[in-house]
Amino acid sequence: MTDTTGSTPIGRRAVLIATGATAAALAVGAAAPEAPAAEAAPAAAAAVCTLTKEMTEGPYYLDGQYVRADVTEGKPGAPLKLTLTVVDDDTCVPLGNALVEIWHCDALGEYSGFVGDNGHSEPDDGTFLRGGVLTDSTGVASITTVYPGWYRGRCVHIHVKVHTNVTLTSDGSFTGGQELHTGQLFFNESVTARIAALSPYSTNRVTRTTLAQDGIYDEGGAASGLLTLTALGSSASSGYAGTLTLGVERS
């Protein structure tokens, strides 16, 4: 099933904070050529916040998923280590104790709770490749999963929500709170092509929709959910680290 309904993208905006402290930090970096350039980067990066675009939730969301840092449940595929940082897009202040929830299909394009929609028969417990974690005091949520596969009509992607003020339940899930963001995470096409050549991805016979062909990704880069991917080893099978800052509206 193609999740192309209900998409209402919100225009992104950037907020530049030109404080004396930021200016001073940049000035110090410029005045100290012996210091590595990377040391000045955090001050410059912190000066700009971008509202991450809202995107369709799609048809495969399920309530009541587990709060957990590893959602793989033994599913085969290239490892994917996500580091998602949640910030207030107006102030750049990190949001601690926000719940970042993800869900995505497996290597064969099947979602838990909906197995068979992409033409494959496999066990379905309704929870694999679903879950979320609370951000730490710096706004960071770290989640271990596998690189997603694909299904008919969509490029490779991960769905994401950000909630605040949730209540953790005794069964390991969460309830209540306020939903601040619903979006999707996207992947560099050259990396996806390398992953697609690996087993079990290569056994997915559904024609793969590329990033450029996708009807939801809008070429907006990081503001539209495009991850920065870093190889975890010398081959694609070693997997990737994916990072992104999610700028959200707090009210």
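A residue is taken as buried when its relative accessible area is under 20%, as exposed when that area is over 50%, and as partly exposed in between. In the predicted model described here, cysteine 49 has a relative accessibility of 6% and therefore counts as buried. Cysteine 49 is joined to cysteine 92 by a disulfide, with an S to S distance of 1.8 Å. Cysteine 49 belongs to strand β2, whereas cysteine 92 lies in the loop between β3 and β4, so the pair ties together parts that are 43 residues apart in sequence. Cysteine 92 is likewise buried, its relative accessible area being 16%. The count of disulfides comes to one. Two further cysteines were examined for accessibility: cysteine 105 is buried at 1% relative accessibility, and cysteine 155 is buried with a relative accessible area of 2%.

The strand arrangement was considered next. Four strands form an open sheet in the order β5-β4-β7-β10, and their pairing is antiparallel. From one strand to the next, the twist averages 20 degrees. Within this sheet, strand β4 (residues 99-103) pairs with strand β7 (residues 157-164) in the antiparallel sense, over five bridges. Valine 100 stands opposite valine 162 of β7.

Salt bridges number eight in the structure. One of them links glutamate 57 to lysine 161, the closest N and O atoms being 2.7 Å apart. Because glutamate 57 lies in the loop between β2 and β3 and lysine 161 in strand β7, the pair ties together parts that are 104 residues apart in sequence.

Glutamate 122 is buried at 17% relative accessibility, and lysine 75 is buried with a relative accessible area of 17%. Salt bridges that share partners also join Glu57, Lys161 and Glu179 into one network.

The side chains of glutamate 73 and arginine 68 likewise meet in a salt bridge, at 2.9 Å from N to O. Glutamate 73 is partly exposed at 35% relative accessibility, whereas arginine 68 is buried, with a relative accessible area of 18%.

Threonine 72 is found in the loop between β2 (48-50) and β3 (79-88). With a relative accessible area of 14%, threonine 72 falls under the 20% limit and is therefore buried. When neighbours within four places in sequence are left aside, threonine 72 is in contact with Leu129, Thr144, Thr145 and Val146.

How values were computed
Residues numbered from 1 in each chain as written. Predicted model: local features only at pLDDT ≥ 70, side-chain atom pairs only at ≥ 80, totals over all residues. Heavy atoms only, no water. Pairing = 2+ DSSP bridges. Helix = DSSP H or I, 4+ residues; strand = E, 2+ residues; numbered from the N terminus. Axes fitted to C-alpha atoms, helices over the stretch in contact; angles between N-to-C directions. Buried < 20%, exposed > 50% of the residue type's maximum accessible area, 1.4 Å probe, protein only. Contact = heavy atoms within 4.5 Å. Salt bridge = Lys/Arg side-chain N within 4 Å of Asp/Glu carboxyl O. Disulfide = S-S within 2.5 Å.
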